[in-house]
Amino acid sequence: MAVSLNTDAFKIQRLCLIFSGMWPSRDSSRLYRFYGDAQYFMLFVFGLSLLLGIFILEDLAEIVQAWATFIAVINCCVKFSIFYFKRPVFLDLLDFLKSPHFFYHKEDVDHHLKKIIDFAIAVVKLFLCSCTITVICMITAPLFAKGKRKTPFPFPLDFKKHSLAIYVSVYMYQSVVLVVAGSSSVGFDNLSTSMMGLCSAYFAILTETIISTTRKLQRTRNIHSYKKFDKEIYHDLSKCIEHHLAVIKFTETIEHIFSYVFLSQFLSSAFGICLTGFTSVSSKPGSVEFMFALTFLCTLMFQITLYCSYGNEVTLQSYKVLEACYMTEWIYCGSEVRKNLFLIMERSKRPMVLTAGKFINLSLTSLVSVFRSAASYAVVLYQLYNA
């Protein structure tokens, strides 16, 4: 039985991004590049039309809902723009993941990697189902509006004064963009979190591997036993050092690629949770606005929770490598083995921390702060609305 393939953690995300033309490739055709650029342009124009459409709205609840959607669209554009300029680094990272440093571990510790891969696949499937239901509801909801020509999102035109063809064209345009935006968002957000999950899994594998290197000494517990096992243990720990450096480089590259993506998501989620929270409280329970706000709110909260929980897990697992060195039978080892353990311990004193634009650490503490701030601003909006 072979060890798990790390690319399985983001194979569905890759398909979603290929569908939207956002997946980078060194040998992509001109047609594919044009397709991706066209999708990005459509998304940008959609955001611009949404901003202009906000100014024709009169109801505050509808305005807040439109602003929440606009922020989400702009967040997509910002994230894809950042990722576009980081494509060469990302492609190098994909090549680096194929190196032997990530396949040296034994099958008995592969359960850490398999668990992360299975969880990543389950999460992206859940996101796809949620996104599909939300997109269908948004596209079909205006069809049930009586006596009005409504589109899924505000548009700066009075459709009563224009032909049916223009109305249908705008309706189809918004529907297509919505499908593309949903697919690319699901793929991109789960791509970054899957990468973070792989980091935590490889740190967990390293921790267990370090402890197991001296396990054979537990049977002897003799200060002179190192003469028999020292060379083998030294060889195993040397591989662990190489793996440790590889995982550190992997984590730092993820920080380099996605740090400002995380920042954009943090700001967008904070504003989005605030605005959709206000909409869900001020809307009539059971109405279209209420259902939209509730599903949007749950999606944003789950999204930011995923980022912070994965980031928190990377920090915890990277620090556990230090503890693993203490848990070995180092007292029965020779000087060369102790030097290797010392090198690993010194590097592990500074745990790996993923950040949002170097400003905010991705941790559970940051998650609580975002929820508190968003809830406070939502209450302020509600009080102003009912004043």
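Is Arg-347 buried, partly exposed or exposed, and at what relative accessibility? Arg-347 counts as partly exposed, at 22% relative accessibility, where buried means under 20% relative accessible area, exposed over 50%, and partly exposed in between (1.4 Å probe, protein chains only). The model is predicted: local features need pLDDT of at least 70, side-chain atom pairs count only at pLDDT 80 or more, and totals for chains, interfaces and linings use all residues. Residues are numbered from 1 along each chain as its sequence is written, and side-chain values use heavy atoms, with hydrogens and water left out.

**View 1. A salt bridge between Arg-347 and Glu-252.** The N to O distance of this pair is 3.8 Å; a salt bridge is a side-chain nitrogen of Lys or Arg within 4 Å of a carboxyl oxygen of Asp or Glu. Helices (H or I, at least four residues) and strands (E, at least two) are DSSP runs, numbered from the N terminus. Glu-252 is partly exposed, at 41% relative accessibility.

**View 2. Lys-358 and its partner Glu-255.** The closest N and O atoms of this salt bridge are 3.1 Å apart. Lys-358 lies in the loop between β1 (355–356) and β2 (360–361) and has a positive phi of about 65° although it is not a glycine. Lys-358 is exposed, with a relative accessible area of 57%, whereas Glu-255 counts as buried at 9%.

View 3. Glu-336 is partly exposed, with a relative accessible area of 36%.

**View 4. The largest cavity, with a volume of about 520 Å³.** On a 1 Å grid over the protein atoms alone, a cavity is a set of points where a 1.4 Å probe fits but cannot get out, and lining residues have an atom within 4 Å of a point. Grid points are joined across faces, edges and corners, and a volume is the space filled by probe spheres set on the points. Of the 28 lining residues, the closest to the centre are Ala-72, Gly-182, Ser-185, Phe-296 and Thr-299. Elements giving two or more residues to the lining include α3 (60–85) and α8 (288–326).

Technical notes: On a 1 Å grid over the protein atoms alone, a cavity is a set of points where a 1.4 Å probe fits but cannot get out, and a pocket is an open set with protein on both sides within 12 Å along at least five of seven lines; lining residues have an atom within 4 Å of a point.
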